[in-house]
Amino acid sequence: MINPIGAVSGFTGISGISGMSGISDELDFTEAAKTPSPNTDFARMLSKGLESVQDAQDKASDLAVQVANGTLQDPAQYTMAANEASLGLQMTLAIRNKAVEAFQEIMRMQA
């Protein structure tokens with residue numbers, strides 16, 4: 001069972017700021033490339049969240065086909081998968097709407 005809220009609880013990008021203590025006269029770009037920045041952590045977290053929502057949608061779609069064919073033994077599996085996919089999609093839309101709202105608020109500040 002996929003937890004649609006799990007992607008939100010995995011937010012750890014703030015802890016990556018500790019790399020600032022390694023600043024010296026000579027910058028070591030190879031070391032910086034190995035250390036994940038907060039932006040890549042956020043992008044990775046967002047990507048994982050979207051992939052899990054897509055996986056839930058695919059699973060629900062496959063189970064819907066099995067229900068239509070009559071090959072699925074327990075139709076409750078389809079019901080649970082469809083609800084899980086629906087919740088994941090609703091969560092994704094809510095996050096997108098909040099991101100758009102924040103972007104619009106920032107744009108209003110600049111005007």
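## Overall architecture

Of the contacts in the protein with a separation of 6 or more, 66% are accounted for by residues 24 or more positions apart, contact meaning heavy atoms within 4.5 Å. The model is a predicted one, in which local features need pLDDT of at least 70 and side-chain atom pairs count only at pLDDT 80 or more, while totals for chains, interfaces and linings use all residues. Residues are numbered from 1 along each chain as its sequence is written, and side-chain values use heavy atoms, with hydrogens and water left out.

The protein contains four helices and zero strands, and its elements run α-α-α-α from the N terminus on. Helices (H or I, at least four residues) and strands (E, at least two) are DSSP runs, numbered from the N terminus. Of the 111 residues, 12% count as buried; buried means under 20% relative accessible area, exposed over 50%, and partly exposed in between (1.4 Å probe, protein chains only).

## Packing of helix 3 and helix 4

Two packed helices are described by the angle between their axes and the distance between the axes. For helix 3 and helix 4 the angle is about 150°, and the axes lie 8 Å apart. Axes are lines fitted to C-alpha atoms, for helices over the stretch in contact, and angles run from 0 to 180 degrees between N-to-C directions. Helix 3 and helix 4 are therefore roughly antiparallel to each other, as angles over 145 degrees count as roughly antiparallel, under 35 as roughly parallel, 65 to 115 as roughly perpendicular and the rest as oblique.

Residues from both helices make the contact, including Leu50, Val53 and Val67 of helix 3 and Gln77, Leu89 and Thr92 of helix 4.

## The largest nonpolar core

A nonpolar core is a set of buried Ala, Val, Leu, Ile, Met, Phe, Trp, Tyr and Cys residues joined through side-chain atoms within 4.5 Å. The largest one consists of six residues: Ala56, Ala60, Leu63, Leu72, Ala81 and Ala85. Helix 3 (38-69) and helix 4 (75-110) each contribute at least two residues to this core, and helix 3 gives the largest share, with three.

Leucine 72, a member of the core, touches Leu63, Gln66, Val67, Gln77 and Tyr78, apart from neighbours within four places in sequence.

## Two individual residues

Valine 53 belongs to helix 3 and is buried, with a relative accessible area of 14%. Beyond neighbours within four places in sequence, valine 53 is in contact with Gly88, Leu89 and Thr92. Proline 75 is found in helix 4 and is partly exposed, with a relative accessible area of 49%.

The table lists C-alpha separations for these residues.

| Pair | Separation in sequence | C-alpha distance |
|---|---|---|
| Valine 53 and alanine 85 | 32 residues | 6.6 Å |
| Proline 75 and leucine 63 | 12 residues | 8.5 Å |
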